[in-house]
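The following exercises are to be worked through with the sequence and the coordinates side by side. Each task is followed by a solution in steps.

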Amino acid sequence: MEQQIIISGTGGQGVLFLTRLLAEAAMQQGFDVLTAETHGMAMRGGTVISHVKVGSFKSPTIGRGKADYGLFLTASNLDVHGDFIKASGKLFINSDKAGDYLHIDATTLAVQCGSQLVSNLVLLGYAVRHGSLFCGSTVMEEIIKTISLPRHLDANLQGFTRGLHYK
Amino acid sequence: MFTAFFMKIQEKGHIMIKKEQRILMGNEAIGRGICESGCFLAASYPGTPASEILASVVEFSKETATGMHIEWSVNEKVAYEIALASSYTGKRSAVAMKQVGLNVASDPFMRSAYIGVKGGLVLVVADDPGPHSSQTEQDSRSFAQFARVPVFDPASPREAKEMVPRAFALSEKYEIPVMLRPTTAVCHARQNVVCEVPRVLDRKAHFEKNPGRWVATPNFLTNLHRLLNEKMDVIADEEDFFPSIVAGDGSRKGECIIASGVAYAHTYDLLEHLGLLGKVNLYKVDMPYPLNCRFIETINDRYNRVLVIEETYPVIETQFLNRHIQGRNSGLVPNEGELTPDVIETVLQTFLDLTAEERPTSTGGKGRRPTLCPGCPHRAAFYAIRDTFPEGIFPSDIGCYTLGMNLGAVDTCHCMGAGISQAAGFYHAYAADSDDFPTVVATIGDSTFFHAGIPPLINAVFTKARIIVVILDNSTTAMTGNQPTPQVGLLADGTPGNQVLIPDLVGAAGVRFLRECDPYHVDEFIGHLKEADRYCRSESGGVAVIIAKHPCLMGKGKEKPAQKYRVTVTEECVGCKKCLTHFECPALVFDEETKRVNIDPYTCNGCTVCLAVCPVGAIVAEEKEVE
């Protein structure tokens, strides 16, 4: 199993949390995993990206045009990070507009769940639902239960489930 | 923090060993390595990309019954000196910082190479090629070479952890400080890492007096220098540090690639992707300085085409004294910027004579620039400063508040503490020309003030500078993850220390004008600024200090307080955009259709400061009903 995934968004949207969830899920399934993240000043509302590499890689960074999947919490980031995805790759986009990608209006659904902050979980659920990611919904739910802060757990699970059962 | 893990079964001979694995960030892996090495003391000052190292030492040290001494020191120089003395007593000690932190700690660092250590001393210096979050992309391996100290260059979190005990052992064997130099890509990578049990060494502090060594007046230093040089020669001959090889199949005779750090990891993955792993000899350097002397001979004797890939300066490359090596000196590897896989791919294609693979074309989007958080108290302070002194000069400093440049209220940012000295420098330059000098307002955060702001404040008072210093006191070190300051009074492990108060320090520095104010109260704050300016220009005037005090909204573990106000924009808005350019709150959004500003209710935190910004009073707030 080798998969290269990027998560693109804006500081504060929970890109790092999704990165951790995917990394823990990979380890839980016995895969080696490496991730790369944006920290520091760039996180203050700026554009951020995380890389997740599942399988026997040595480098934590994904080259341009080499990612299998892209999870975009901010649709406009396609302009900045879209070229990480290889031609045969798949895009999961938080957007209410259709395009050359798989999309879900994660922000609106998250607000319906009670918190805009779980739009990251909605998008993750939607991507897992597609079935081609390295991990399934059962493992991911377990990981969400394990690493969520207790006060966020219910909202996180609700958001994930909403994305998972979309349409 | 580190809750999820599982048991991986590794096969070792016939014995099945169960090892616990955890997902660790590079910095956490280093913290883990420090705890697994029986280290007794760890000191640090936060700075991206090194900030998480000390916090993880706090976390992991809880797994043993013996307490370590773990501290956020006021700056890197102090941190280094604390760890150094602790090592004199025979106890293993560690100190962690970012690369520019070593500039601050360079004084004790340079001399410690001569004087040496007793208990192992490991200095973790996190470099930031790129740079992503720093004022330079300097290579600390060059600093190690300058000081004549061995340095390890890890390629991954796993390796960073494994190198910590190796560094301690080497440090004790030769009684010399040893540097571990991760880069941002390693510090902020996460990886599944096998964890050992944290160790406690049975050592009691014992400082053996030896003035010839620990005091080492100039008389002793030539000899100490000679001993240092001899140590380095022996270390360069240690078999353990002969680089490992992924051997080629002989099809590319006379050619090899040498890499270290995360650049090795990128190179390895790229060669695999290109189908060239196992075709060309690939060497991995763990210790870039001193480079193994037999390795230097091997490379110079056996190869006629050599490519060296390393970050960020040609440290390995230059030790070969071989003009034919391709790398930074030959211009094949770019001499600036991070060596991302994309950059290395192009280098490999040239060196190995490959045709370039097609990459998706970039649409060239730049993304959104970082900005102060909605409701950030710094924004209010910056707005007031710029609005009060439109012709002022605004030196600033290192922290979240550097983003005040977006509001036109930060004119310089140089290094920790420079804002106050630069303010005095500006004043003296202008004051020499005429009595009508511009108002100079320096801004500095509370943590930066403790770090390097006090000596320049004393200096400014002493030299009769007429400047305003605004200390942006948000009761935390915000940019790096909310580490406590001496004024907050909490130690690294969360227990109370002895509080040191900023107003006391300001008074002790000889400042005769001091006001404190919550910058959310914009009118009051502007009143203090105007009064401060009058004081500066008065006959007996000098340095005026205003402490802008309001806690950071991003404090760790803090549940955000319920918003008291709903802020909206009325039809009175004339679309002048003053709130966008002078206040730059992410919650303020210009609607191109109505040509009016709207407030994004999800982003707005209800601080209501923008009400004071709007020149026509179109921004209004109503009290929310308590849910």
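**Exercise 1.** In strand 9 of chain B, which residue is the bridge partner of A:L34?

Solution. The model is predicted, so that local features need pLDDT of at least 70 and side-chain atom pairs count only at pLDDT 80 or more, while totals for chains, interfaces and linings use all residues. Residues are numbered from 1 along each chain as its sequence is written, and chains are lettered from A and ligands numbered from 1 in the order in which they are written. The partner of A:L34 is B:Q191. Strand 2 of chain A and strand 9 (residues 190-195) of chain B run antiparallel and are joined by two bridges; strands are DSSP E runs of at least two residues, and helices are H or I runs of at least four, numbered from the N terminus. Two strands pair if DSSP finds at least two bridges between them.

**Exercise 2.** How many residues does the contact take from chain A and from chain B?

Solution. With C-beta atoms placed from the backbone and lying within 7 Å as the criterion, the contact takes 39 residues from chain A and 45 residues from chain B. Among the elements that give two or more residues to the chain A side are helix 1 (15-28) and strand 5 (85-94) of chain A.

**Exercise 3.** At roughly what angle do the axes of helix 1 and helix 2 of chain B cross?

Solution. The axes, lines fitted to C-alpha atoms over the stretch in contact, with angles from 0 to 180 degrees between N-to-C directions, belong to helix 1 (residues 26-36) and helix 2 (residues 52-61) of chain B, come within 8 Å and cross at roughly 45 degrees. Helix 1 and helix 2 of chain B are therefore oblique to each other, given that angles under 35 degrees count as roughly parallel, over 145 as roughly antiparallel, 65 to 115 as roughly perpendicular and the rest as oblique.

Note on methods. Contact = placed C-beta atoms within 7 Å.
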